[in-house]
Amino acid sequence: MCPPVHFDVTYAINPWMNPAKPVDVPLALAQWEDLRDRYRSLGHSVEELTPRPGLPDMVFAANGATVVDGRVLGARFAYPQREPEARAHLEWFRARGYGRIHEAEHVNEGEGDFVVTGSYLLAGRGFRASPLSHGEAQEFFGRPVIGLDLVDPRYYHLDTALAVLDEDTDDVMYHPPAFSPGSREVLRRLFPDALTATAEDAAAMGLNAVSDGLHVLLPQEAAGLFDPLRERGFVPVGVDLGELLKGGGSVKCCTQELRGPAPA
Ligand code: ARG
């Protein structure tokens, strides 16, 4: 995670961003600290990346790399404003002793468009990631990549439209209208029992969630997801990341998952 010390909305690269709307940095920081502390109180360790001035979106750490089986696929951002973030992440992994690092050739924004389930690497395309990044990721991770076409600009990254609830059982939740008809059919085939989110809960960024297999951290405004999650045996944990939503991100965007093994 990366604290939103330099968070701001100075450009608009997704429909949530409005540079005319002021941002309250102390509030953003307090909300972010609350999310970090909740992870820690649930027993998860959280590493902090040093924020850099001039990179107002750096708080959205999920976009900086994708880590699976201890292998690190670097990011390559679609817009020049975020481009230097990729290097900051790579430097962190190098300093930590990660041995298997691949610098991306094709545009991919980390876990924004790569979502890891137990069986697959789901890969979004349409707004940010290049379709060519899908093959690059499959080759590097040796996991089957399932390409999914995003069609609604509000859900410009796959992680704004779909979340993994349980990696072991391939349990997911998603918002069907964010996907093309063919991709919807693919999702129905792969995940016939998935939880589908309403337009209202999706618009509250409810799918930008992080699950540890039991607790599901999600924006508190996505209230319609709470009972369906409980019925499936999950414990929903609502968090307020209202300031960061002005940048077009919430819980998952702020969280890059380091899937082990970690370097010795
Ligand atoms: N303002 C950022 C952008 O548009 C938000 C990134 C959100 N991150 C995510 N994982 N969906 O690039």
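**View 1. Seventeen residues gather around the ligand.** In this close-up, 17 residues surround the ligand, and the closest are Phe60, Gly112, His157, Gly249 and Cys253. Here a residue is near a molecule or strand if its C-beta atom, placed from the backbone, lies within 6 Å of it. Sorted by class, this shell holds 5 nonpolar, 8 polar and 4 charged residues. Ala, Val, Leu, Ile, Met, Phe, Trp, Tyr, Cys and Pro count as nonpolar, Asp, Glu, Lys and Arg as charged, and the others, Gly among them, as polar. The model is predicted: local features need pLDDT of at least 70, side-chain atom pairs count only at pLDDT 80 or more, and totals for chains, interfaces and linings use all residues. Residue numbers start from 1 along each chain as its sequence is written.

**View 2. Three strands form an open sheet.** The order is β1-β2-β3, with mixed pairing. Helices (H or I, at least four residues) and strands (E, at least two) are DSSP runs, numbered from the N terminus, and two strands pair if DSSP finds at least two bridges between them. β1 (65-68) and β3 (101-102) stand at the edges with a single partner strand each, so one side of each has no neighbour in the sheet. Strand β2 (residues 71-74) pairs with β3 in the parallel sense over 2 bridges, and Leu73 stands opposite His102 in β3.

**View 3. Two helices meet this sheet.** Helix α2 (residues 84-95) lies across β1, β2 and β3, running at about 160° to β2. Helix α3 (residues 131-141) also packs on the sheet, touching β1, β2 and β3, and its direction makes about 160° with that of β2. For these angles, axes are lines fitted to C-alpha atoms, for helices over the stretch in contact, and the values run from 0 to 180 degrees between N-to-C directions. Two residues are in contact if their C-beta atoms, placed from the backbone, lie within 7 Å.

**View 4. Meet the largest nonpolar core.** Of its 67 residues, Val59, Leu150, Ala161, Leu162, Leu207, Val251 and Cys254 touch the most other members. Such a core is a set of buried Ala, Val, Leu, Ile, Met, Phe, Trp, Tyr and Cys residues joined through C-beta atoms within 7 Å. A residue is buried if 20 or more other C-beta atoms lie within 10 Å of its own, exposed if 12 or fewer, and partly exposed in between, with C-beta atoms placed from the backbone. Strand β7 (residues 162-166) gives the most to this core, with 4 residues. Leaving out residues up to four places away in sequence, Leu150 touches several residues, including Phe127, Tyr155, Leu158 and Ala178.

View 5. β7 and β8 run antiparallel and are joined by 4 bridges, with Val164 opposite Val172 in β8. From strand β8 (residues 171-174), Asp171 and Met173 point one way and Val172 and Tyr174 the other way, and all are buried. β8 and strand β9 (residues 195-196) pair in the parallel sense over 2 bridges, and here Tyr174 stands opposite Thr196 in β9.

View 6. Asp170, in the loop between β7 and β8, has a phi near 60°, a positive value in a residue other than glycine. With 16 C-beta neighbours inside 10 Å, Asp170 counts as partly exposed. Met205, in the loop between α5 (199-203) and β10 (210-211), has a positive phi of about 65° although it is not a glycine. With 26 C-beta neighbours inside 10 Å, Met205 counts as buried. Finally, a cis peptide bond joins Gly260 and Pro261, with omega about 0°.
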